Each structure stands twice: as structure tokens, then as C-alpha cells.
Amino acid sequence: MIPRHVQKSIGKWFDKSDEATFYERILLQEEAVEKYADEPYAIRFAHILEHILANMTVVVNEGERIVGSVLEIIPTAEQREYAESLSLKWWGPQVPEEERQRQVNFYFSPGWVKRRNPVFFSLGHLAYDWETIVTKGLGWYANQVSELLASGEFDDDPEKMQFLQGARIAYEAHSAFIVRYAQHAADAARITGNLQERNRLETISEVCSHIATGSARGLRDALQMIWMVVLVSQKTAGCGVFNFSRMDQYLLPLFAKDIEAGTLTEQEALELIVEFYNKNNEIMFPTDHMSQENDSVIKNLEVSYDDPNYLVVAGKLANGTSGVNRLSFLLIQAAKLLRLKNPFIVVRWHDGIDSDFWQEVVDAMRMNATVVIYNDETMIPALKEFGIEEQDVYSYGFYGCNDPNIPAQEGGLRQLWMNLVWPYELALNGGRPFGDPSRSADLNFSLRDRIQIGLMSGPYAGMKFDPEEPCPTMETFIARYRQQMSFLLDQYRQVMEQDYAKESQWNKGRIRIEDLFLKGTIESATTWLVGGTKYHKVTLQGSGLATAVDSLAAIDIAVFKEKRYTLAELRQAIEANFVGYDGMRAYLLKLPKFGNDLDSVDEYAEIVVDAFCDAVVDMNRKREGLYTYMPAISTDRDFTTMGEALAASTDGRLAGAPISENQSPYIGSDKSGMTALLNSVTRVPFNRITGGPLNLRLHPSTVEGPEGLAKLASLLEVYLRKGGMQAQMNVVGKAELIEAQKNPEKYKNLCVRVVGYAAYFVQMGKKAQDELIQRTEL
Amino acid sequence: MYQGQRTFDFHSCTACGLCVPVCMQDALAITGTDISDSDLFDLLMRDSDYYRNSQGGVTFSGGEPLLQAGFVRTVAHRLRGEGIAVALDTAFNLEWDVIAPVLPEMDLVLLDIKSMDRKNHFDCTGVYPDLIWENVGRLRTMDKQVLVRMPLIAGINDSDREIADAIAFLSGWESLLGVELLAYHGLGLEKSTSYQGAIGQQEAFLAPDKDAMEKIAQGFRARSIPVIGY
């Protein structure tokens, strides 16, 4: 079912050396940077792009119908050294932090930024206006700019005129690049003796010469256009991690036209989608960018990593009907066939979704295809609460990792990882972090905190008060938690708003590649960084939910309900990291934990998340400048890092230990089965939360056969109907079971089915485990 | 402490449970908990949306749930009052007076048949099957949905004669949904040692091979008894 040339390409990718790189980009970029050094920023940007696109090698691979690849080589030691010297020149230690901020205000980690030249910069994480790209075409964009330039509207603003002139050069450079593909394919067609091959190449040539400036005539044109735009942005400028947004909506008219005219069958459409998906996989650098410790992450010379591009399927339409159509099915089927990590398919569930479609989706999930589900019924109210207008809200989607996005109406990722455990620690200790008194100084969000990835590593000082001040009820303690939450977030808001105000000054007249394809930027001749788009948001990733919930519930039970310990005693034990308090720690560890469907602890999921959301509402009320703030619940892999500066906590966690991951219970603490876990998670008021993942791990045996599929489809549907927001799952096989055998403490909740009954894998004996491991292989 | 090692003497254990909360590593547990019928009902109802949407329900299993027949009956009655399907997984080796009052509260009975040979049944399980067979005879007259489950061990209870007897025994039972053939597996061995320390020698049993299982399944199908899975 997967075309042979795609299979070959996948095989090649998995065998690819992590030394291989699109090296000519580096040389071409530097040539142009020198050559156009005297031009104003926007013009210089455009000429750099033009120079790369006019000279990079054009590659047409065997068998493919959708073209657009880069030439990779394995660089010599000298070549590598040269590339490293550039990174050093741009971002090395000799460049003061303030200067870096002036170049790029918000730049993620050094690993992310190091290969990106400050004058040709992008971090992606956004959606282009794909619909306009395919329905109007690149020629339309260039004409629009010409008209604006001729209109006289911006005549007295030289920076805006430069912005538009740069944009026109950039559009034309895109078109010329695609024409090079048309030419290359035509040349190749002329010399081949194989008739079939000649047909293939001639068609590629015809499609490319049309889409170089024209609008898409059908599905193939559209996918080819999108791919060319992605290839250019992602591979030359590092603008990746796209949200392809609602592909089953904006491509539907073209697909339907093809089917009606008989120029395309559904099977052919599926194969084109498979090719398109594989293109996303093919251009990835072979690594896991979330593992910054990986050798390959450090070696990577590319401006993009293994960028996951998100693609949105299904969901409600603005008129209240369902968006599910034939194309939605094909988009899922392609994911199921390939089961690659890229693209990342987001299915928007809504009440009353077509049940055949839902089965298709869940089937893909249980086969470990990269398909996740989101709930329209919670997402839409949440996005509205945080400022998205009715007319825009139905278009919502996501970019990596699980961040909400209104396509084409906003620029790239801005975030703060709001550690929900900090306000709890501060509430317990008079607004001061525990430990070394030097940690109690007025520690705030440093420049480093802000301009790196917004990771709230700490320690932080809160609103000071006397920790011995009486705390007669749990309500008092909760009020303190809320106060510290608001305090921290407002501190953050104030410093970030100062940063953003400066950024607006620094970026006047600048352009980034994404400005070419957003809504509002060209019309106003203004980069999104300065306000070109309608929306500007900072995603506030609430982190450590379960740790905060368990710790607050422990105080409620230990101090107020059971009166076993006083707050002062808990404080002493925490100060001592539980050394000498074994009995207390054993008691705290055994208190009810989030994830077991127990009201006494789960009610804190509401309390914590409401405290967080109310504080965000307050930030938005006070905000000055472009940015609004949106709450999500997410940690990515940083749940380890974010625990490092925290003291021990009253859930029994030791100082410096990780906090809980994403929306999950603390590792190993959910022991009551899948439905209990889901019931706990649904206590989170997700109708106020705008994104973030819940990772579920299932053994393949629990979801086998048609019966297993029906059960899983039902389970997930009930979860969403009860107010869950998102789910993604790993259906684990042999390798993970072996790992579970070695480290059972990390896999306490792994549930397996054994012929006629279910068991927790780690509670089974070694021999039984071995037997099951062998059986999984069958 | 024995020779510097922490040890656990199962023979002296009175299941007082005091060791459980003080064990930092969660290594000790009392298996089983006390719960009232209304608490169990409330607990099960927390998942009611899942039962209803999946057209699934609650199965009382064990051990032998009918050792607490009154309790089972009460909870099952309340669940069915909420429209939730209830099943009973039983060995059926109890007086009919105990079983009869529970059956009206069950939508489905899962019934084990371990051997069709009296002597073999005694050798394998320690009891003669007369009472079980008598109960099955009564159940057949009741128009109750039943699924029979047969664990099969090569050379122990899978002889042609035993299988033929089982087929004859189950033929013509209208409300029988079918049989589920369960090939032997060793997954329970560890369980038997985990609460008693290492005791006794376990015999090495084997499952019937794939062809044997298929032949047995065909035998049932030939007499119009559906085979649900094996």
C-alpha cells in the first residue's frame, strides 16, 4: 500500500548518518551575508534567501511525484570547524547577553539558536495562511506587494517600504526556485529512454511551472505548493514546527473537484498524502531534539531539528456541523499506513463525531500512529475565555509541542513554564524558598530565565510574610497559594512586557520569513514581532500539576483533617529534606494521590488549576502591550529540570526530585486502573485550559482485535465527554516490557492482559513476565 | 531479622497489617480489603459512564464470589437498577440454595468446566464434580445467558473422550453463548509463590498445541456450540 519509492525513502532515512547535513546552505548563506552587508535589514534578508534558493542543488528523487529535497553531504572536519566558528561568531560567550537579546529577544536554548544567523532568523512554531497560499498562489502575493508599493501608502516610511521591497524579492525568489525544479525535471525527461519515467518527470515539470506563480488546480498542485513553501522556510531559515492547520477543510474543495472530474481516485489521493507525509519525515535531522544530551543534537549543523509539523483533522465548523469528510479519513489512513513520527496528527473530537471516523482514528492510535486527540468541547470555551474571537476560534489547531494556535493570525512560540509547585513552596515558607538563606534573596525572573526557553527553574522569591503567622484553616492556606501564584505571574508579566516593548523598538523594519505568509503582516508592512498579526500570545505552561495537587492535599489531610502534624512540623521536615523524619515521610507517601479517583485529593486539581487560570485572567486584565496570556498544562521533558531547585514537598517527594510529568499523576502513584486515572484527570477544569498532553500507556494485548478497538474507542470517548481535553498513547511492546522488568518502579501502572484476566505487569513474577514478553513477539 | 537479612515468616503472620504502613518500599501488602456493599456500589458507579458507553458492565470474579453470595446479590441488584449489566464468574461448586437467589440478578454467568472425568476432576482440583454438574443441570432449565470456559492442559484434561463428553454435556443448551477454550499458561505460578514464599514443586504442565486446539474447537462447532476464542 505504501508506494515502493516511499518505502525506500523511509528505509534510507532510518539508516541516515547523523553527520549528513545540508551543508551548501551554510556556505551560500555566508556568501550572501557578506555580499549584501550594506543593505538595510529587510532587503538584506531577502537577498540572502534569494541567493540560497538560486544556488542550492535541485533534487528529484526516484519515483516521487511530490518533489522538493535538499542535498546532504557528510562534511569534512574542516567544513565542520568552519560551521562551528560561525556559531561562535554569532552567539559565543564574547557576545554579551544584552546584545543577544537585542538580536533575538526570545531564543530558546543555546542548542536551538546556535546554527541560526541573527540576520536570517526564525524559530517557526506557527501556521502559515495555507488556504490563501493554495487558492491564490505565489504570484498573487508578489502582485499584492507591488500594488502596496505603488499605492503610496507607505511612501513616507522608508522602513516599511524596505519591508515590502524585501517581501517582493522573497516571493519572487520562491517562484524562481520552483521554476528551477520545473526546468530540472524537463531536462531529465528529455534524456530518459523510459516512457513511464518521462511521463513522471514531465508531469512534475508541468506542475512546478504552474505552481511557481499560479494557484492550485487540484490536490497534487496544493500539496506540491505547500511542500515547496515548507522546504524553503524550514530548511533555509529554520522556520519549522508548523501547524498545517485544518487540511481536511482547506484542501477539500480541490480534492472534491479532482474526484468529480475523474482526474484523481481516492487511492491516488491517499498515495499523494502518503508522499507528502513522508516528505516531512525525510527532511528531519535524525535525532530526538528533546534529548539535548544526545551527541547528535550537539553535532547537528542544520537550522531545523526533527521538527514535528502538526496537522489538524476533523473538529466542529463555525456553523455547528462536523468537519469530518472523506479527506479526513484519508489523512488518518495515511498516518496509519506510515506510522512515522512526523507529521503529528491532531484529531479534534466533538460531541456527535461520526462513529466510523472515530474508530478509524482510535485504530490508528492503537497502532502507534502519531495521532492524538483534542476536545473541541473544552478547547473552544477555553480559547474564548483567553481572548480568541468567535470568528477565529473554530480554526484553532496546534504546533509543537501541544501549544494552541490560531492559524496565520499570530507569530511564533512564546512561553513560560509556570512551575505550579513554586507557589505552594512559597505559601508554606513565608514567601521564601526553602534551604540556603541565599536562596531567600529577592530572586526574580532573570534575563536568562526570560530569554532562554522561559523555563521556570528557580529558585524564586514570592510575596514575603511571617511563616509562623497562624493558618487556622485549609482555606487560609489555599488563599496563600493563590496569592503567591498571582505574585509570581505578575512579576513575570511585568518583566516580559518590558522585554517585549524593547523588542518592538529593535525590530522595526526587520522581516522574518514567516511574515511572508501570515495574515496582516504584508498589508501593514509590519513584522509580527512588532504587531503585524491580529493575535500575540504567551503560552503559560502550567507544570507539575500532580505534584502541586498531591502536596496541597497532603497538607489538608495531615494538618487539618487528621491533625497528625502541624504546618511548623512539616516545614521543619522539608527544611531537613525529611532526614530524621522517615515516619512522617512514609505517612505522607501513603496519603491519597492524584490519579486514583479519590475526591479528597482530586478536588485539588480544580483548586490548583483555578488558581492558575484566575491569575492568568488577572494578568490579561492588567496587561500592557501586544501580548495576552493563555494557560496550558504541560511540562515537555523538563519535569526533571523543573524539580531541581525545589525543596522536598509534602507529597513525600525529596528535594531536587522531578515534578510530575504533563497531566499525569506523579510517576508510580496511580494504582487504581485506567478509568480511575481518567476520572481524576477530568477533575481539571479543562474548559479553561488551552493545550497540553496526557500520556497514556497501554499494552497491545488490552486493545487487540475488533473488541479491543471498540473498547478503546469507547474509553476515549467517555473521557472526552466527561471533560478530558487531550489524550495520546503508547501501546507498548517487547522492548518496553524488558525495560519495565529492569526498572519496575517506573512502570507500576503498566496494565497487561493475560489470556482471560488483567494484571499489573510488575506485580507478575519474572517467569510470568518472560512468558508474556515472548508471547508479545507472536 | 535472620542472618542480617530482613525476612518474613508467613507461618506466623496473623494479617494484622501493621507492617504495611511502615514499609517504605511498598513491598508488603494485605491482599483484599473490607468494603461495605454500598461503598462498593458507589465505587463502581464512578465508572458507570464507561460501562454504559462501551456496553460493558461489572463481572463478579474471584476466588469464588458466591462465598459472599448475599453481598454479591445486593450490589448486583443495585447495579442493574442503574441499567448496568452484571456477570458472575463462578466454579459453581456450592449448594443450589446459595446459588439460586443470586442468579436472577445476573445478566451473564461465566462457568468453568475443568474436567469431564470424575476421577480426573478430583485429582486435579480436590473435589468431585457431582455438585457442579447437578447445578449446571438446573441452570440449563433457566434461560440464563451462559459462557462456559474450559482451561485445557495437554495430557491432563484434553483427551478425546473428555472433549467428547464436554460436547455432549453442553449440546442443545439454547441460552449457551458458547465456550471459551483457554490453553494452559504458567502465568499463575508466581502468584502461588508470592504469598507463601517458595513452596512446593510446581509440575511442568504444557498447553495443547495449536492443531490440537483447532481440532477441539472444530468438535464444538460441529455440534453448533460457538467457540468464542482460544
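**Exercise 1. Work out how Arg190(A) and Asp187(A) are paired in this predicted model, and where the two sit.**

Step 1. Start with the side chains: those of Arg190(A) and Asp187(A) meet in a salt bridge, with N to O at 2.5 Å.

Step 2. Now find them on the chain. Both belong to helix 9 (residues 158-191) of chain A, and because they are three residues apart there, about one helical turn separates them.

Step 3. Check the surroundings. Arg190(A) has 58% relative accessibility, so this residue counts as exposed. Asp187(A) comes out at 35%, which means partly exposed.

**Exercise 2. Find out which parts of chain A the salt bridge between Lys534(A) and Asp392(A) ties together.**

Step 1. Get the distance: the closest N and O atoms of Lys534(A) and Asp392(A) are 2.7 Å apart.

Step 2. Place each partner. Lys534(A) lies in the loop between helix 22 (474-506) and strand 8 (537-543), while Asp392(A) is in helix 19 (residues 390-393), so the pair ties together parts of chain A that are 142 residues apart in sequence.

Step 3. Look at accessibility. Lys534(A) is partly exposed at 37%, whereas Asp392(A) is buried at 7%. The cut-off you need here is that buried means under 20%.

**Exercise 3. Describe the salt bridge of Lys114(B).**

Step 1. The partner is Asp112(B), and the closest N and O atoms are 3.7 Å apart. With a limit of 4 Å, that still counts.

Step 2. Lys114(B) has a relative accessible area of 34%, so call this one partly exposed.

**Exercise 4. Which residues are linked with Arg493(A) in a network of salt bridges?**

Step 1. List the members. Asp490(A), Arg493(A), Glu497(A), Asp618(A), Arg621(A) and Lys622(A) make up the network.

Step 2. For context, the structure holds 61 salt bridges over all chains.

**Exercise 5. Is Glu275(A) buried or exposed, and what does this residue touch?**

Step 1. Locate Glu275(A): you'll find this residue in helix 14 (residues 266-282) of chain A.

Step 2. Read off the relative accessible area. Glu275(A) has 4%, so the residue is buried.

Step 3. Go through the neighbours. Leaving out residues up to four places away in sequence, Glu275(A) touches His5(A), Val6(A), Gly63(A), Glu64(A), Arg65(A) and Ile66(A).

Step 4. Pick out the polar contact: the side chains of Glu275(A) and His5(A) make one at 2.8 Å.

Conventions: Residues are numbered from 1 along each chain as its sequence is written. Chains are lettered from A and ligands numbered from 1 in the order in which they are written. This is a predicted model: local features need pLDDT of at least 70, side-chain atom pairs count only at pLDDT 80 or more; totals for chains, interfaces and linings use all residues. Side-chain values use heavy atoms; hydrogens and water are left out. Helices (H or I, at least four residues) and strands (E, at least two) are DSSP runs, numbered from the N terminus. Buried means under 20% relative accessible area, exposed over 50%, partly exposed in between (1.4 Å probe, protein chains only). A polar contact is a pair of N or O atoms within 3.5 Å; within protein, one must be able to donate a hydrogen and the other to accept it, and residues adjacent in sequence count only if both atoms are side-chain atoms. Contact means heavy atoms within 4.5 Å.
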